[in-house]
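Trainee: Hi! Could you walk me through one part of this structure?

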Amino acid sequence: MSLSIIILNWNGEEMLRRFLPSVIEHSPEAEVVVADNGSTDGSLKLLAEQFPDVRTILFDHNYGFAEGYNKAIAQVECDLCLLLNSDVRVEEGWLRPMLDYMDGHPEVACCQPKIRSEQEPDMLEYAGACGGYIGKMGFPFCRGRILGTVERDEGQYDTIASVAWATGAALLIRRKLYLEAGGLDARFFAHQEEIDLCWRLRSRGYGIVCIPESVVYHVGGGTLPKESPRKAYLNFRNNLFLLYKNMPKERFSSVMRWRRLLDAAAALHFLAGGHLAACMAVVKAHHDFRKMRKDFKEDRDKNAALAVVPYDQILSPTNLLWEYYGKRHFTFKDLEM
């Protein structure tokens, strides 16, 4: 199967300088493509001078993570696409376990490797760890990362696992299914758009797995810092989009009664901690969701019509906040799954 590794770049000159060489060196099975989202730093000069053999796709402005990848994938010809963050380091042999698994399991739409932290290589990394799940209230979590708690990698999640979503930091996906499912939702711009895509694929009967024999090292937070109000806004707003698009109407209404209370509590927590901008980001997220939800109704109806797997077989029964704050369960193995 042919493979294109697509790295979406926006003003990431230093990340490209640091990590692109490892991708080129250790990915002989793939075409390496850098899609540039209208960078204004020295990224293009660096690519032209130091990586002249790497194919580049140039966009006129920053389309965001979702639409940037949609546009890039439309311009490659391959069986498999690997969406790879620009701040990911890879090592020899990282691709082969994933490629072999996809070759032998045509029912699987996409997969991810184990994601370790570049800064602390013995730790799993926040944005994906060993595969993602979604709790009953709609909050994402991972094998190896529950809310803000990330586990040390001691081989505890080294089995191949079926998951609800695979991280967009290193997502290997069948191009045909990506296009058939509509790709990433550009209205998300960034954050949780890969979870939305994976939910669509899972509901339509395709598998999603984590292949921990493949390992990559991710810096994380390369575009927006962890404490960014913009990141808080996108995460809260997009999570509501995610649930509205993919949950049945009755279940969504029930969950939203709780989410209004829980997200209000999160906003007050930000405020009490002196983070007024983050507090207002949560308020704005709910305001904009109410204003924009009508734009998602057609997609919601389509998703419901095409679903062959019910939502309760995709979501975990876990009440994540109660497990974490009430029962003090901070690791994946402690959760009641």
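Mentor: Two strands pair if DSSP finds at least two bridges between them. Helices (H or I, at least four residues) and strands (E, at least two) are DSSP runs, numbered from the N terminus. This is a predicted model, where local features need pLDDT of at least 70, side-chain atom pairs count only at pLDDT 80 or more, and totals for chains, interfaces and linings use all residues. Residues are numbered from 1 along each chain as its sequence is written, and side-chain values use heavy atoms, leaving out hydrogens and water.

Trainee: Ok, how many bridges join strand 2 to strand 3?

Mentor: There are 4, and strand 2 runs parallel to strand 3, which covers residues 55-58. Across that pairing, V34 sits opposite T56 of strand 3.

Trainee: And what about strand 1 and strand 2, how many bridges there?

Mentor: Strand 1 (residues 3-9) pairs with strand 2 over 6 bridges, in the parallel sense. Here L8 faces A35 of strand 2.

Trainee: Which helix does the chain go through from strand 1 to strand 2?

Mentor: Helix 1, residues 13-25, and this β-α-β crossover is right-handed. That word means that, with the strands pointing away from the viewer, the path from the first strand over the helix to the second runs clockwise. Strand 2, helix 2 (residues 43-50) and strand 3 form a right-handed β-α-β unit too.
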